[in-house]
Amino acid sequence: MSILANKDTRVVIQGGAAGVNAARRMAEFCYLIKRPLNVEAFVYPPDAGKTNEIPYGSGLIAIPVYKTVAEATKAHSAINTSLVYIGADRAMKGAMEALDDSHIKVVSMITEGVPEKDAKLLGAHARKLGKVFNGPSSIGIISAGACRLGVIGGAFDNLVLSKLYREGSFGVITKSGGLSNEIIWICSQFADGITTAIGIGGDAYPGTDYVSYLEMFENDPQTKAVVIVGEMGGDLEERAAEWYGAKKRRVKLIGVVSGFCQESLPKGMKFGHAGAKEGMKGEGSARSKSDALKKAGAIVPATFGALGPAIKETYQELLKSGQVKEVVEPAVLPKLPKTVEEAMKADEVIVAPLIRTTISDDRGDEPCYDGYPASELINKGYEIPHVIGLLWDKRLISKQEAEIIKRIMMLSADHGPCVSGAYATILAACAGIGMSQAVAAGLIMIGPRFGGAVTDAGRWFKYAVDNKMNVDEFLAYMKKNVGPVPGIGHRVKSLRNPDKRVKELVGYVKSLNIKTPCLDFALQVEQVTAVKKDNLILNVDGTMAAVLVDLGFPVDSLNGFFILSRTIGLIGHWVDQNRQDSRLIRLFDYLVNYAAPKRREVPPLK
């Protein structure tokens, strides 16, 4: 048997991330003892309506999240226990909500820093209702082979080492969460393990005291002995001693109290736990507590190190008297499935990768671009164009090439509010759309008629150069097989009104005296096409394309330069409209040619 937590315990966890972590630990224990997960619901208003995915073995269990305890217990009528993982300022309200629910009989609170007044009220309210309030500051409750509430017991390996997969004969009550795991382990090594271990928390006014739990253990036939771990401060241990000495008890009591160091320190010093504070006149000292327990007939080891042998001696007496029998351990114990990462590290599994990347790796301390750490690139003077070279072309471009890319980006960052991409972004901004969606709307406009000609221009100029075509052959081929030459032509600019961006970029690249076969060919094409019509000039898309192909960038990456640079302008337009608090745009009627039929009568439906 066990107390408080058993195989029929069904849990609602109140709280967010900490509660989810507790559920994960509880699922590990359920997997160890081969029982279904006992967490049925979460209560966390910000996530109400969602689910939390809890690993169980090699699978995941979706646990629903509710806004209130009442909603959770209505949907899951078997719930009888609540674990409170709520901040100290809201913990009392959450615990009261659980205590007032007729389904819930036990509430255990992990929360630290709960005001003493709140703790007193919660304890009194639970006693009034005939329920159990455990905590605050409780690490949890665990019944071997039956149920785990919270993270008590530690990691999965420690659950196995402490033999918590099956029931023993020793009950455990502690104030210290860390020591609870230690005592559980000691009971498993020097005896046959535990029935139930309870962390009552180290606050000055715990919701339930030693005596209440000792009564429960006294009435549990499986529990033959109880280990209590106390500390200076308060009178819980003295009250436990008084209870034990009041009459002959069935269970044997082993008690150890920490804090004898207080005798060498100034009176009134406070230790880690809120309740670990000896009175100025020596009230609640470790020595007085130990003496009271001894006087009551409890076994009190002289030191903490002597606790293990004392437990062993008690266990041997239980064996001799026939009250307990030697436990036969199972030949094989469950193991927690390894994660894929753990299995790969141990060379136990081969996993086919879902994707393959050759440009970056972020598994170390920082991202590496084609093998180069980002911080080293910064500290050695490299700039954004060099990162583009590494991620788009897998090479560390020269300072000269980086300057060309920088100029391309600066020259094509924006082209006013009237082009389709900017106009789409402005429309979205005026409609109250967020930055990422509004900019995406503008980027969607990039295609063969707006900006997207960069890749196509690069592809066909490169095709002509690679195939050693002259301009006439190229133009004939394009007319027959493709159509208008991408990168040639402008809606506004012409020979008489040239695009200064093109002149700037061409002039700079030519001043470097580098080989530019694609750019040279594109300029030759312009000389022929502009004679036919003065706006059939080399535009900025075609210029960018030719220059980037000459720098060795893959043709398929060329549109990326326009997308990357124009994003700067689109963000600017979005910010500009929001700064002005611009209103929703609706086209004026005079901008629309209403060519639809005039208003007419609808004929009868046949």
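How many aromatic pairs does the count come to? The count comes to eleven aromatic pairs, where rings of Phe, Tyr and Trp (its six-membered ring) pair if their centres lie within 6.5 Å. Planes under 30 degrees apart count as stacked, over 60 as edge-to-face and the rest as tilted.

The model is predicted; local features need pLDDT of at least 70, side-chain atom pairs count only at pLDDT 80 or more, and totals for chains, interfaces and linings use all residues. Residues are numbered from 1 along each chain as its sequence is written, and side-chain values use heavy atoms, with hydrogens and water left out.

One of the aromatic pairs joins Phe450 and Phe562. The geometry is edge-to-face, at 5.5 Å centre to centre and 85° between the planes. Phe450 lies in the loop between α16 (435–444) and α17 (453–466), and Phe562 in helix α22 (residues 558–580), so the pair ties together parts that are 112 residues apart in sequence. Phe450 is buried at 10% relative accessibility, and Phe562 is buried at 3%. Here buried means under 20% relative accessible area, exposed over 50%, and partly exposed in between (1.4 Å probe, protein chains only).

Trp460 and Tyr463 also form an edge-to-face pair, with 5.6 Å between centres and 75° between planes. Both residues lie in helix α17, three residues apart, about one turn of the helix. Tyr463 is partly exposed, at 28% relative accessibility.

Ring pairs also link Trp392, Phe553 and Phe561 into a cluster. The charged end of Arg395 sits over the ring of Phe553, 5.2 Å from its centre. Likewise, the charged end of Arg249 sits over the ring of Trp243, at 3.8 Å from the ring centre. The criterion is NZ of Lys or CZ of Arg within 6 Å of the ring centre and within 35 degrees of the ring normal.

Seven strands form an open, mixed sheet in the order β3-β4-β2-β1-β5-β6-β7. Its edge strands are β3 (51–56) and β7 (132–134), each pairing on one side only. Helices (H or I, at least four residues) and strands (E, at least two) are DSSP runs, numbered from the N terminus; two strands pair if DSSP finds at least two bridges between them. Strands β2 (residues 39–43) and β4 (residues 59–66) pair in the parallel sense over two bridges. The bridge partner of Val43 in β4 is Tyr66.

Helix α1 (residues 17–32) lies across β1 (11–15), β2, β3 and β5 (81–85), with contact meaning heavy atoms within 4.5 Å.

Notes: Axes are lines fitted to C-alpha atoms, for helices over the stretch in contact, and angles run from 0 to 180 degrees between N-to-C directions.
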